[in-house]
Amino acid sequence: MGWKLAPGVGFCLAGDDLIFLDVRRDRYLQLSGERRAAFERLCAREPNDSDAMEGLIDTGLVSRSEVATAIAPLEIDVPDADLAAAAIPRAGLTFIAAAARSLYWARKGLLPGRLAATLDGFAAAKRAWAGEPDDIGLAALASVYGEARRWVPVPPRCLVDALALYRLSLRNGYAPTLIFGVRTNPFAAHCWLQSHSAVLTGTAEEAHNYRPVLAI
């Protein structure tokens, strides 16, 4: 028996701060003091006494595992490129309607208790995806989406746009990656969609201001 991160949990070191995202509880959390020390011992597979483990379990960040599982902060490359310099395509009425449906769907996906299920669905679809990576095609789709969403009366919001484009991407045979990021002093959170080679929502400059904490 061992321990693992609980479902929907990711973490990172943002400066000197140990920051967690717990999607199922819809919260960001910083561990400090004895709880941080207990978690770091767990990551290093060093023993914890029962009181230390009880305090860590109470956070909901870890759960039992049938096998020993490595617990490590998220490490993922954020591309330096984005779509700012891409040619602006023309979005037809059909695609504008599809973008609108995805945006309204994404807004509903942020209702209390629904985000975790939405992300679980994306993760399952991505695991089942059998296509080949196509960064050029994905960037083209994201560019058309960026033009189409200008005609949809939904205020821009990083998570709404990332969810909407993720849905459209899967339906068009692409599998991007959704990144949640954090920074501290002061604390702020952001998310974006990316391929292997480009940030697809928002800008690469903005994304690089954040430390990735969870990837879907």
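Author: A strand here is a DSSP run of E with at least two residues, numbered from the N terminus. The model is a predicted one.

Reader: Okay, so which strand does D22 lie in?
Author: Go by the residue ranges. One strand runs over residues 17-22, and D22 is part of that run. That makes the strand β3.

Reader: And is D22 buried or exposed?
Author: Leaving out residues up to four places away in sequence, D22 touches G8, V9, R27, G60 and L61. Its relative accessible area is 3%. The cut-off for burial is under 20%, so D22 counts as buried.

Reader: What about G2: how far apart are the C-alpha atoms of G2 and S63?
Author: G2 is found in strand β1, residues 2-5, and with a relative accessible area of 8% G2 is buried. Skipping residues up to four places away in sequence, G2 touches S63, R64, S65, V67 and A68. S63 is 61 residues away along the chain, yet the C-alpha separation from G2 is 8.7 Å.

Reader: How many residues are in the second, separate core?
Author: Some of its members are A38, F39, A52 and V62. This core is separate, and its count is 16 residues.

Reader: Which residues is L163 in contact with, leaving aside neighbours within four places in sequence?
Author: L163 is among the residues touching the most other members of the largest core. With those sequence neighbours set aside, its contacts are W105, A106, L110, L115, T118, L119, F122 and L178.

Reader: How are α3 and α6 oriented to each other?
Author: The axes of α3 (residues 93-109) and α6 come within 8 Å and cross at roughly 125°, and the crossing is right-handed. Contacts there include F95, W105 and A106 from α3 meeting residues of α6, among them V160, L163 and L168. Roughly perpendicular stops at 115 degrees and roughly antiparallel starts over 145, so α3 and α6 are oblique.

Reader: How many bridges do β6 and β7 pair over?
Author: These two form a hairpin with 4 residues between them, and N185 in the turn has a positive phi of about 55°. R183 has A188 as bridge partner in β7, and F180 has C191. For comparison, β6 and β8 pair over 4 bridges, with G181 opposite P212 in β8. The β6 and β7 count is 7 bridges.

Technical notes:
Residues are numbered from 1 along each chain as its sequence is written. This is a predicted model: local features need pLDDT of at least 70, side-chain atom pairs count only at pLDDT 80 or more; totals for chains, interfaces and linings use all residues. Side-chain values use heavy atoms; hydrogens and water are left out. A nonpolar core is a set of buried Ala, Val, Leu, Ile, Met, Phe, Trp, Tyr and Cys residues joined through side-chain atoms within 4.5 Å. Buried means under 20% relative accessible area, exposed over 50%, partly exposed in between (1.4 Å probe, protein chains only). Contact means heavy atoms within 4.5 Å. Two strands pair if DSSP finds at least two bridges between them. Axes are lines fitted to C-alpha atoms, for helices over the stretch in contact, and angles run from 0 to 180 degrees between N-to-C directions. Angles under 35 degrees count as roughly parallel, over 145 as roughly antiparallel, 65 to 115 as roughly perpendicular and the rest as oblique. A crossing is left-handed if the near helix is turned anticlockwise from the far one by less than a right angle, and right-handed if clockwise.
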